[in-house]
Amino acid sequence: MTVGPMFDEWYPVGIFGQLDAAGRKTMLMGEPIVVARDDNGDAKVTDGTGRSLPVCVRYGHVWTSLGDPKKKLFAIPEADQPGRRFVDVGVVRVRCSPLRAVENFLDIAHFPFVHTDILGAEPHTEVQAYKVEIREDVDEVWATQVEFYQPQAAKSASGGITTQYMYRVAGPTSTVLYKTCPPRPSEWDVITLFVQPLAEDLCDVWPWMALFDDDTPMTDLIHFQQTIFLQDRSILENQVPRLLPLDPGMEMPTRADLTSVAYRRWLKRHNFTYGAQLVAQ
Amino acid sequence: MTGSWVPVALSSDLPSGTVLPARIPAGPLALWRSQSGRVAASADRCPHRGMSLSHGFVRGETLSCIYHGWSYGQAGNCLRIPAHPGLTPPEAIRTVTHPVAEADGVVWVAVGEPAATPPGLAGLVPLRSITAFVDIAAIEAAAGAKATAEGLLDAGDIRLLLSSTREGETLIHVLIAADAGPAERIAAARTAEALRRRAEDIQKKGAAQ
């Protein structure tokens, strides 16, 4: 199949701090690639024919592209803010479309049922109205004024709070959320989901965080995020079809799903269809 | 008569308040029993985001999807969307359901428009179910006997009720006399297991040729 315009986008392919000269053999959109450090200690990515691919090291990860990226990798200004701790959570392989993994990350209505007693709990299931837009200047999907009651919003939260969220789709398989930072109410914690498309129905997911939390041990921060994501995986691997349906008749959104509706519209607009199902089957 | 009754599960494997995955030739099902004991069969897919409903949960008289808690009644109509507690779900939100009948300890699902009631088991009762990765023909070859149109197979030493779940996969319900004692029950289970192995060997050899 042809990958289409997603060919020229940036994708995460490994944690920079964990690379060695021997390299990591992996896949990107069906192509075998090797991610390694060269003699200068810089990241180097080569495809199956030995061709060097574009490389960028940012947010703890190595990013590459099979094509010719038209833009620099998206900015996360908080990544340069002093006082934050940066957490390379690791990798989780999921048997699903990379686009489904992103869409699930944008959803809050599942918290009480999938992340029970952590990110949500019955009877606090209602999703209040929030704002969604495609920001034309940066070409990103944004959801703002999102609020949800959470029993334990973060590792650093000691009890239930109403958490504020902002969601951002910065690339077809890259998404960032900003949420209430329990120890520092004037700031946002940053949690991302960087998704490496291995194939249309298989992905490696690399969560990354930039938090204000000086107390929680790194291991606990990683475990917290891994627990959450493994709960998500049990959903993602059991959705039918595996690909994300862009045909409007195939799945039924409600008002709570406006972020997902905007994401799907934005994917369609750009012909970002690697991992999508276009016609109902 | 333009349909058939498919024996998808045993009553004893579906207690009140539970859901389990089942399969008919048309596709996967979520088979569930409400708190009051009523059995229903729904397509195994929530129309909201495609999540498998057999991973869901039963509360009272409804089946809920594990992803967002959307709950469905026996007739497949969506009754509640927890993200919008004040909303009455539109009629259009529903799952495809199939008629279900329960008789002699077997749960049957109607495919098409079959006879009014499922076939009788002639005084036999189900012992247990086994999934075999073979077609019905391989089981017939292993047993040296043919199954009836309803899936009943009498091999002399063992009686089975067969249901083709998909190509290369058959659900075998082992049947025994209602008054069979423990020794007979154990013997029937062992005989059925041996038959399954023989059938899978036959299928493998067939595939290798």
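Two strands pair if DSSP finds at least two bridges between them. By that rule, chain A has an open sheet of three strands in the order β1-β6-β5, with antiparallel pairing. This is a predicted model: local features need pLDDT of at least 70, side-chain atom pairs count only at pLDDT 80 or more, and totals for chains, interfaces and linings use all residues. Residues are numbered from 1 along each chain as its sequence is written, while chains are lettered from A and ligands numbered from 1 in the order in which they are written. Helices (H or I, at least four residues) and strands (E, at least two) are DSSP runs, numbered from the N terminus.

**The sheet of chain A**

- β1 (11-15) and β5 (55-58) of chain A stand at the edges with a single partner strand each, so one side of each has no neighbour in the sheet.
- Neighbouring strands of this sheet are turned by 30° against each other on average, direction ignored.
- β1(A) runs antiparallel to β6 (residues 61-64) of chain A, and four bridges join them.
- Tyr11(A) has Thr64(A) as its bridge partner in β6(A).
- β5(A) and β6(A) also pair in the antiparallel sense, over four bridges.
- Val57(A) stands opposite Val62(A) in β6(A).
- β5(A) and β6(A) form a hairpin with two residues between them. Tyr59(A), in the turn, has a positive phi of about 55°.

**Helix packing in chain A**

- Helix α1 (residues 98-105) and helix α3 (residues 218-236) of chain A have axes that come within 11 Å and cross at roughly 125°. That makes α1(A) oblique to α3(A).
- Axes are lines fitted to C-alpha atoms, for helices over the stretch in contact, and angles run from 0 to 180 degrees between N-to-C directions.
- Angles under 35 degrees count as roughly parallel, over 145 as roughly antiparallel, 65 to 115 as roughly perpendicular and the rest as oblique.
- α1(A) puts Arg100(A), Ala101(A) and Asn104(A) into the contact, and α3(A) puts in Asp232(A), Ile235(A) and Leu236(A). Contact requires C-beta atoms, placed from the backbone, within 7 Å.
- The residues of this contact divide into three nonpolar, one polar and two charged. Ala, Val, Leu, Ile, Met, Phe, Trp, Tyr, Cys and Pro count as nonpolar, Asp, Glu, Lys and Arg as charged, and the others, Gly among them, as polar.
- α1(A) is mostly covered, with eight of its eight residues buried. Among them are Pro98(A), Leu99(A), Val102(A) and Phe105(A).
- Buried means 20 or more other C-beta atoms within 10 Å of a residue's own; exposed means 12 or fewer, and partly exposed lies in between.

**Where chain A meets chain B**

- 18 residues of chain A are in contact with 18 residues of chain B.
- Helix α2 (residues 111-114) of chain A gives the most to the chain A side, with three residues.
- By class, that side has ten nonpolar, five polar and three charged residues.

- Seven bridges join β2(B) to strand β3 (residues 27-33) of chain B, and the two run antiparallel.
- β2(B) and β3(B) form a hairpin with two residues between them. Pro21(B) stands opposite Ala30(B) in β3(B).
- Leu14(B) is found in the loop between β1 (2-10) and β2 (18-24) of chain B.
- Leu14(B) counts as buried because it has 20 C-beta neighbours inside 10 Å.
- Beyond its neighbours within four places in sequence, Leu14(B) is in contact with Ala9(B), Leu20(B), Leu31(B), Arg33(B), Val39(B) and Val107(B).

Note on methods: Two residues are in contact if their C-beta atoms, placed from the backbone, lie within 7 Å.
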